[in-house]
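Welcome, and please get your viewer ready for a short walk. At each stop you will be told what to select and what is there.

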Amino acid sequence: YIGIEGSAAMLAKVQPELLPARHELRQGDICEPWPWIPDQSVDVVFALAVLHHIPTTEARLRCLREVCRVLRAPVQAPYHSVDRVSTQAAERDLQGMDASGGPWRGGARAGTAGAGGVVVVAVWNFLNSVVQQRIAQGRYHRCPLDPAHISIPWNRSDGAAAVRRHFWGITSVDLGWLCDQAGLAVQQQFFTSGRAAA
């Protein structure tokens, strides 16, 4: 297991004796090359609640292309993406609702074509009705120059003043396109309310 963390301060809090054997934590920018990981040497990459913190499409693509580089098995077939499922599904994305009308988190399982590595991606949905209501109430802030950019006050566990965390809304259509452009074939894409995995 290799974990990548951008903050030296966060890495300093790690207690190495609590890590299982064969775990390694590295400080790095996930949107830049990972020279310590050889090409086609990784079976599984997890990017859970990661992509929506990356502010630009170009940076998200750099991250996913690096994922594609390190996953096992060369490309052997054309890639495909999973959007364009139906107009109704696309409309639900824009409204941020799943079929039951609740807020959802989006996920995708993608990999190199043929047998090989897999990446599991999960993003939070910031385009749902709950978030839109909180924006209208002034609790959350939407950037006027980038409607997908939302900042949310985040309460600290030590009781100190909340800090603002920045997120970028990514729909399932966006996620499918990003995987396609990065060279990852989407195998499964799904919604979950956050209460149970799909």
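## Stop one: the cysteines

Select Cys 31, which is buried, with a relative accessible area of 8% (buried is under 20%, exposed over 50%, partly exposed in between, using a 1.4 Å probe and protein chains only). You are looking at a predicted model, where local features need pLDDT of at least 70 and side-chain atom pairs count only at pLDDT 80 or more, while totals for chains, interfaces and linings use all residues. Numbering starts from 1 along each chain as its sequence is written, and side-chain values use heavy atoms, leaving out hydrogens and water.

A disulfide is a pair of cysteine sulfur atoms within 2.5 Å.

Next, pick Cys 179, which counts as buried at 1% relative accessibility. The closest cysteine sulfur to that of Cys 179 belongs to Cys 68, 9.9 Å away and too far for a bond. How many disulfides does a search of the whole structure find? The count is 0.

## Stop two: two strands

Strands here are DSSP runs (E) of at least two residues, numbered from the N terminus. Show residues 24-27, strand E2, and find Leu 25 there. Leu 25 counts as partly exposed because its relative accessibility is 33%.

Move on to strand E5, residues 118-124, and select Trp 124. This residue is partly exposed too, at 25% relative accessibility.

Note on methods: Helices (H or I, at least four residues) and strands (E, at least two) are DSSP runs, numbered from the N terminus.
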